[in-house]
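Please keep the structure open beside the text and look up each element as it is named.

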Amino acid sequence: MIDTFTHIQTRLDGAPHLLRLGRLFSETVLIDVEGDEYYLTFEKGRITSIVEGPSRKTPWRFALRTDGEALAQFWKARPAPGFHDIFGLVKIGRGRIDGDILSLVKNLRFFKEVMGLARASEEVAA
Amino acid sequence: MSIEPITGRYLTVTVQGTQRRIYFEEAGQGRPVLCLHTAGADTRQWRHLMNDAEITAANRLIAFDMPWHGKSLPPEGFETEEYLLTTDAYIETVLAVIDGLGLDRPVLAGCSMGGRIALQLAARHGHKFSGFIAIEASDFQPAWYDIDWFHRPDAHGGEMGAALVSANISPFAPNAERWNTLWMFMQSGPGVFRGDLSFYTKDESLIPRLPTIDTGKTPVHIIVGAYDLTCTPEDAKRTANAIPGATLAVMDELGHFPMSEHPEGFRPFFIDALGRMSISTAEAA
């Protein structure tokens, strides 16, 4: 999983439109995959650190909690219904979003496209 | 260079005691088919079907922007009004457009909130139509989000709305049409998407009316995309089951905005739906 987030970090650095969309986004996001914690810290749209948990000391703005199989489905070029979007994961009971949801919604396009950077095909948008 | 066959004009009608200047587009000839856009969008959602010569050879497709949407103005005094769409205002608007344009028992095709109001009209004014194509339509949808997110002074409601509804677009949708669809939401006026969602997510009055719809006189065909998170295939099936004689088609590779997000994928389902609608006496004569 850490390799996937590193891949996302690298691809984000090469995506000027996302860096522009995320220029006001400087927050830490927790991705919780079946209890395994990954803290992604963003600074002005770039991912500046990826730290594995567990951690009780790391503050985060919002969290996406899901499972590895659901993420594998999410990152397919054409995911099955429900697995195609982070809110879809929530709707089908395979994901949960905690914390400051308004912060997520204000930066929703940015965050969804960042998560989609690990998709199998570049032709399919987040 | 190419010039499309779609033409646009304006119509002024009275709705709930005030004048509304309404923009409408049309293309084709023959049986009138009135098309209703989704929440937070406008007539551009229908442009692909209106440019389809095979469909418009025998069907006069007409679409209009609801007041507050697209090129239709909000009513005078809107600057101090909170826009909250209601079932009664929506019904009155659709009927006013039909009367204003002199349409004789049109087919009514509506998507999302347009599909919801199509079913309301089927229950309450069925005799004024020759059939109903209810797309991504269901009896009731409580919000799985906070509608107030989309109208606040510290954020762009249109951009947030577009980012939210992108969850309802199929990964099979061509990328250009995905973004053309989202652009309409980005352009939506402040508070308009929220006001539409208020109608869509809070009014349950359709549920007890569904069994009263007489599909023997006016057929009802419901179409739903598998990638629609808002009106899921299960929601559409439940709704169809509550309407005696209603038919249902599930589109495996489409989402909540099928005519807009994936026109080629939607086309056969729309042609099939048109074939299920009865020809009115006046048209057949």
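**Notes on chains A and B**

1. Chain B contains 11 helices and eight strands, and since this is a predicted model, every value below should be read as a property of that prediction. The C-alpha trace of chain B spans about 55 × 50 × 40 Å along its principal axes. Its radius of gyration is 17 Å, which agrees with the value near 19 Å that a compact globule of 285 residues would have.

2. How much of chain B is buried? Of its 285 residues, 53% are buried, which here asks for 20 or more other C-beta atoms within 10 Å of a residue's own. Among the contacts in chain B with a separation of 6 or more, 76% are between residues 24 or more positions apart.

3. The eight strands of the open sheet in chain B follow the order β1-β2-β4-β3-β5-β6-β7-β8, and their pairing is mixed. At the edges stand β1 (7–15) and β8 (247–251) of chain B, and because each has a single partner strand, one side of each is left without a neighbour in the sheet. From one strand to the next, the twist averages 20°.

4. β1(B) and β2 (residues 18–27) of chain B run antiparallel and are joined by nine bridges, and V15(B) is found opposite T18(B) of β2(B).

5. Which strands do the helices of chain B lie against? α3(B) lies across β1, β2, β3 (31–36) and β4 (59–64) of chain B, and runs at about 120° to β1(B). α4(B), for its part, packs on the sheet and touches β3, β5 (107–111), β6 (131–135) and β7 (220–225) of chain B, with a direction that makes about 145° with that of β5(B).

6. These two helices also pack against each other: α3 (residues 87–101) and α4 (residues 113–124) of chain B have axes 10 Å apart and meet at an angle of about 80°. α3(B) is therefore roughly perpendicular to α4(B), as angles of 65 to 115 degrees are counted in that class. On the α3(B) side the contact involves T87(B), Y90(B), I91(B) and V94(B), which meet I117(B), Q120(B), L121(B) and R124(B) of α4(B). Sorted by class, this contact of α3(B) with α4(B) has five nonpolar, two polar and one charged residues.

7. Where the two chains touch, the contact takes 17 residues from chain A and 16 residues from chain B. On the chain B side, α5 (157–165) and α6 (175–187) each supply at least two residues, and the largest share, four residues, comes from α5(B). By class, the chain B side divides into 12 nonpolar, two polar and two charged residues.

Key. Residues numbered from 1 in each chain as written. Chains lettered and ligands numbered in written order. Predicted model: local features only at pLDDT ≥ 70, side-chain atom pairs only at ≥ 80, totals over all residues. Axes fitted to C-alpha atoms, helices over the stretch in contact; angles between N-to-C directions. Parallel < 35°, antiparallel > 145°, perpendicular 65-115°, else oblique. Contact = placed C-beta atoms within 7 Å. Nonpolar A, V, L, I, M, F, W, Y, C, P; charged D, E, K, R; others polar. Rg over C-alpha atoms; globule rule 2.2 N^0.38 Å. Buried ≥ 20, exposed ≤ 12 C-beta atoms within 10 Å, placed from the backbone. Pairing = 2+ DSSP bridges.
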